[in-house]
Amino acid sequence: MLSLINDVVKYVENNIPQFHKQRIGKIKTLKLTQVLKKKNPYLFKAKYLMTAEEIIKQLIEAYISSSEETMFGDWLEGLAIFINEKVFNGKKSGIPGIDLEFDNDGVRYIVSIKSGPNWGNSSQIKKMINDFTSAQKTLLTSNSKINIRCINGCCYGQNKNTNKGSYFKYCGQVFWEFIGGNENIYLDIIEPLGHKAKERNEEYMEQYTQMINKFTKEFVNMFCHNNGIIDWEKLVKFNSEKL
């Protein structure tokens, strides 16, 4: 187990810079008009946001939070596959909609990895179930006697009802123990994630504050009257006027 932990530490230290690089890259390439088109201008008015800087901060923080959740979810998926490969000789699946495949105790597990337990609506869950069904058909074509179990694995969170009928849902500690063979591995991965995080966050915050200032200036130029008051009608038209 100590060898696995050492491997995990090395993997994280070697690969976490990529996540931070993506974060900073997202900041550098972000456009104000791009974000404004995707957010609700009526909400800003309802919350009585009266300054350009208030609007920009809420816009950016909501957008970045969502994109970071996606980016880090993808990163954690890679870590999960790495750990499973070390423990169970698993592999990233080539079947559409399936992230991980591995064998254990005579069972072929096909896994769809998500970030947290509340990852999708009913149509997205239905798509995952359809992906599981298609994957099972593909695997049974080459081996009709194979015992297949479908797993929705979530990297964090809790879920008491694991049996969902056509698949099982494992969250947090249960998921990491399932793919790593040890009940404490969900704790072992947290420490190395902070590798040089302070230095990288300082670089990120430098880019973030520059962006806030830049976007605030752009917003004032685009959507404020000469007296500094926000032109809400112009903002709503920019966001929602028919094409």
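D131 is buried, with a relative accessible area of 16%, where buried means under 20% relative accessible area, exposed over 50% and partly exposed in between (1.4 Å probe, protein chains only). The model is predicted: local features need pLDDT of at least 70, side-chain atom pairs count only at pLDDT 80 or more, and totals for chains, interfaces and linings use all residues. Residues are numbered from 1 along each chain as its sequence is written, and side-chain values use heavy atoms, with hydrogens and water left out. Helices (H or I, at least four residues) and strands (E, at least two) are DSSP runs, numbered from the N terminus.

**Salt bridges**

- The structure holds eight salt bridges, a salt bridge being a side-chain nitrogen of Lys or Arg within 4 Å of a carboxyl oxygen of Asp or Glu.
- K127 counts as exposed because its relative accessibility is 51%.
- An α-helix has 3.6 residues a turn, so residues three or four places apart point the same way.
- K237 and E233 are separated by about one helical turn, because they are four residues apart in α9.
- K237 is partly exposed, with a relative accessible area of 43%, whereas E233 is exposed, at 57%.
- E101 and R108 are joined by a salt bridge of 3.3 Å, N to O, and both are buried.
- A network of salt bridges links E101, D103 and R108.

**The sheet and the helices packed on it**

- Five strands form an open sheet in the order β1-β2-β3-β4-β5, with mixed pairing; two strands pair if DSSP finds at least two bridges between them.
- The edge strands, each pairing on one side only, are β1 (91-92) and β5.
- Strands β3 and β4 run parallel and are joined by seven bridges.
- I113 stands opposite G153 in β4.
- Helix α4 (residues 52-88) packs on the sheet and touches β1, β2 (100-104) and β3, contact meaning heavy atoms within 4.5 Å.
- The direction of α4 makes about 25 degrees with that of β2; axes are lines fitted to C-alpha atoms, for helices over the stretch in contact, and angles run from 0 to 180 degrees between N-to-C directions.
- Helix α5 also packs on the sheet, touching β2, β3 and β4, and its direction makes about 145 degrees with that of β4.

**Helices α8 and α9**

- The axes of α8 (residues 197-223) and α9 (residues 232-240) come within 9 Å and cross at roughly 105 degrees.
- This makes α8 roughly perpendicular to α9, a label for angles of 65 to 115 degrees.
- The contact is made by F219, M222 and F223 of α8 together with K234, L235 and F238 of α9.

- S115 lies in the loop between β3 (107-114) and α5 (122-142), and counts as buried because its relative accessibility is 18%.
- Leaving aside neighbours within four places in sequence, S115 is in contact with E69, G73, C154, C155 and Y156.
- K160 lies in the loop between β4 (148-154) and β5 (168-171), and counts as exposed at 88% relative accessibility.
- In helix α6 (residues 173-180), the buried residues include F175, W176 and F178.
- G181 follows α6 and has a positive phi, near 75 degrees.

Methods:
Angles under 35 degrees count as roughly parallel, over 145 as roughly antiparallel, 65 to 115 as roughly perpendicular and the rest as oblique.
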